[in-house]
Amino acid sequence: MKQTQQEVGYVISSKGFLIYLDGLPTVKVNDLVENESGGRGWVNSLSSDKVEVLMLDDVKVTPGQLFKRLPERLGIAAGDHLLGRAINPLGVPIDGRGLFSRTKKATVLELEQEAPGIGARQFITEQFTTNITIIDSLIPIGKGQRELIVGDAHAGKTAFLIDTIVNQKNTGTICIYASVGKPVASVRDLIDVLRANKALAHSIIIAASSNEPAPLIFLTPKTAFTLAEYFQKQGLDVLVILDDLGNHAKIYREISLLGDKSPGRESYPGDIFYQHAHLVERAGKFKKEYGGGSITALPVIELNLTDFTTFIPTNLMAMTDGHLLFRSSLHNIGQRPAIDISLSVSRVGRQTQNKLSSLLSSRIRGLLSQAEELETISRFSSELPFETQLILKRKELIEEIIKQPSLTYVVKEIQSILLALIFTGFMADKERHFLEKYKGVLIEAFLKEPSLLKITQSVSKLESVEELIKLLEGARPVLTKICQ
Amino acid sequence: MNDEILNTITKDTFTLTLLKHRLRILKSNLLKKIFGSEAPAEQLSVQEANWLSSLPASFYQKFNKDNVYQIFDAIETKINSMPVLLIYIAFEADDQTIYQIGMNLKKSFTSITLFDIKVNPALIAGCALSFGGIYRDYSLKAKIEDKKSEILESFKKFLR
């Protein structure tokens with residue numbers, strides 16, 4: 001008689017979502033097992049006498065229960081069919097729009113992948129344009145860069161991330177948003193906002209909400225990177241947002257403590273740095289032989305800004321190429337996005353800017369730091385020299401220019417023009433409220449008014465800030481007329 | 001000596017469940033004999049009493065007040081590490097059937113001394129075996145699943 005052979009294991013003990021099995025003689029880490037009621041588990045580690053399995057489904061497991069090894073390993077069916085959809089880390093749709101068609105071709109990719117080595121990578125030379133002035137001009141991000149988004153609660157981090165995704169419309173960039181252990185309601189809101197802004201078509205949302213089993217939440221960023229690699233290998237640029245890795249670290253701590261791993265600093269296991277570094281190093285710009293695309297990663301971490309030297313944030317700062325620091329205090333006074341420029345860094349982005357943007361950025365940064373010093377002195381003096389007054393006024397104007405409400409975008413050339421405009425005679429006698437009133441008018445004029453449009457079109461060819469200022473000085477009569 | 005004791009017990013004890021049960025009654029019987037007790041003796045069934053009396057006198061002489069606990073501890077540890085063949089069948093097997101299976105196994109295999117029966121009516125008929133983490137399904141259910149498409153094709157012939 002023909003027989004079917006399968007590997008099985010029997011439950012020795014179980015602790016919450018963690019179970020130990022006896023049997024499964026040739027099982028490997030990341031294999032899947034399933035019990036008779038369909039509860040799946042994922043092999044996390046092996047010892048000489050037992051197999052440690054993390055349950056992915058919320059089912060009751062009792063000692064002696066039989067688990068069969070599944071033919072497939074821990075992976076996801078990647079494909080274009082995922083675009084515009086929200087899925088859980090195992091690829092099951094969670095947006096209520098039905099199951100995926102079985103006829104569509106899908107490649108099953110394992111979630112655990114080694115990050116490509118140095119030989120597969122390329123120098124980051126292309127700018128990742130967000131169409132957000134403060135980022136593109138002052139803290140630029142490169143395609144393939146890992147930029148940490150750090151900030152306290154209610155500082156507008158998610159709004160900024162949504163803007164970044166929405167502004168990737170028509171750029172060909174695929175956006176993958178991994179929502180790690182967030183409430184179900186916030187995941188729904190995110191889907192709705194992206195759909196309302198027609199940004200869902202180029203996005204994939206991977207979400208494991210806070211009420212799902214911890215091992216499933218733990219897998220969310222891995223799924224995000226696996227899908228990102230799928231698109232990157234097709235030569236596409238991918239943006240991966242991991243929101244947030246603080247939750248991820250807490251979930252891993254829960255799993256590790258349950259598995260009797262020795263707790264280290266703040267009770268996190270010793271390999272938490274490895275876990276996160278292993279993830280974010282999957283980002284980068286890759287050579288043509290390796291697909292040619294790029295994966296830009298924006299890991300997020302929420303923290304208390306009175307002390308950002310805690311374990312996980314400092315780990316993440318160490319393994320990323322810079323960070324954007326969001327402050328709720330700035331958000332409360334109306335700065336959007338509420339990024340603290342003086343404490344934000346981009347270690348790679350500067351090399352991707354064109355010469356003009358780079359020079360302009362240095363000049364603006366210099367002016368801002370100069371103004372900061374002068375502001376302290378100005379508090380003790382009633383009358384300030386003209387030079388000082390000018391610097392302080394320019395600082396105010398810059399602050400007004402970099403203010404950008406949610407769900408709006410400013411093209412790169414206009415960003416440079418607006419920032420250069422501060423150094424022109426046209427703005428010399430203008431105050432902050434002028435920009436508040438006319439910023440929108442100016443942006444539109446530089447995109448539509450024929451004489452100004454010429455300047456906008458020539459911005460990318462300019463080599464110095466002075467050249468741009470000269471062009472803008474020439475357009476002074478037109479600008480004055482527009483702003484009457 | 002422990003192996004000798006275990007071999008004597010497993011001579012006609014084939015299932016893990018029965019082995020554990022017989023060890024328990026043997027232990028309580030021996031403790032009562034060696035240390036005595038005011039408590040009334042456990043009520044044994046006829047089969048249990050017959051089995052105890054079937055054990056030779058030399059077997060009981062191996063136990064004394066100094067080693068009885070150690071022997072049972074060692075045997076229990078040994079049993080826990082012994083490979084057990086799990087037999088999944090679709091019906092509740094009676095003692096006679098279990099005895100026959102046990103005798104057959106003893107004749108055919110040297111590495112398998114213990115087995116356990118698990119009832120799974122979903123198998124329909126036949127059996128499935130599990131040993132050392134390998135599960136082999138010889139049941140009718142597996143056969144039907146294997147020939148699913150052929151069976152469906154055959155049924156289609158009768159559809160109008």
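Trainee: How many residues of chain A are in contact with chain B, and how many of chain B with chain A?

Mentor: This is a predicted model, in which local features need pLDDT of at least 70 and side-chain atom pairs count only at pLDDT 80 or more, while totals for chains, interfaces and linings use all residues. Residues are numbered from 1 along each chain as its sequence is written, and chains are lettered from A and ligands numbered from 1 in the order in which they are written. As for your question, 13 residues of chain A are in contact with 10 residues of chain B, where contact means that the C-beta atoms of two residues, placed from the backbone, lie within 7 Å.

Trainee: Which strand gives the largest share of the side of chain A that touches chain B?

Mentor: That is strand β1 (residues 4–15) of chain A, with 6 residues; strands here are DSSP runs of E with at least two residues, helices are runs of H or I with at least four, and both are numbered from the N terminus.

Trainee: And which strand of chain B does β1(A) pair with?

Mentor: β1(A) pairs with strand β4 (residues 134–137) of chain B in the antiparallel sense, over 4 bridges, pairing being counted if DSSP finds at least two bridges between two strands. Within this pairing, Q6(A) stands opposite Y135(B).

Trainee: New topic: what domains does chain A have?

Mentor: The assignment, which is an automatic or database one, gives domain 1 (8–73), domain 2 (77–353) and domain 3 (356–482) in chain A. The centres of domain 2 and domain 3 of chain A, taken over C-alpha atoms, are separated by 33 Å, and their contact takes 20 residues from domain 2 and 21 residues from domain 3.

Trainee: Which helices supply the domain 2 side of that contact in chain A?

Mentor: α1 (133–138) and α2 (157–166) of chain A each supply at least two residues of the side of domain 2 that touches domain 3, and the largest share, 5 residues, comes from α1(A).

Trainee: What about chain B, how is it divided?

Mentor: Chain B is divided into domain 1 (2–81) and domain 2 (84–148), whose centres, taken over C-alpha atoms, are separated by 28 Å. Their contact takes 6 residues from domain 1 of chain B and 8 residues from domain 2 of chain B, and helix α2 (residues 16–35) of chain B gives the most to the domain 1 side, with 3 residues.
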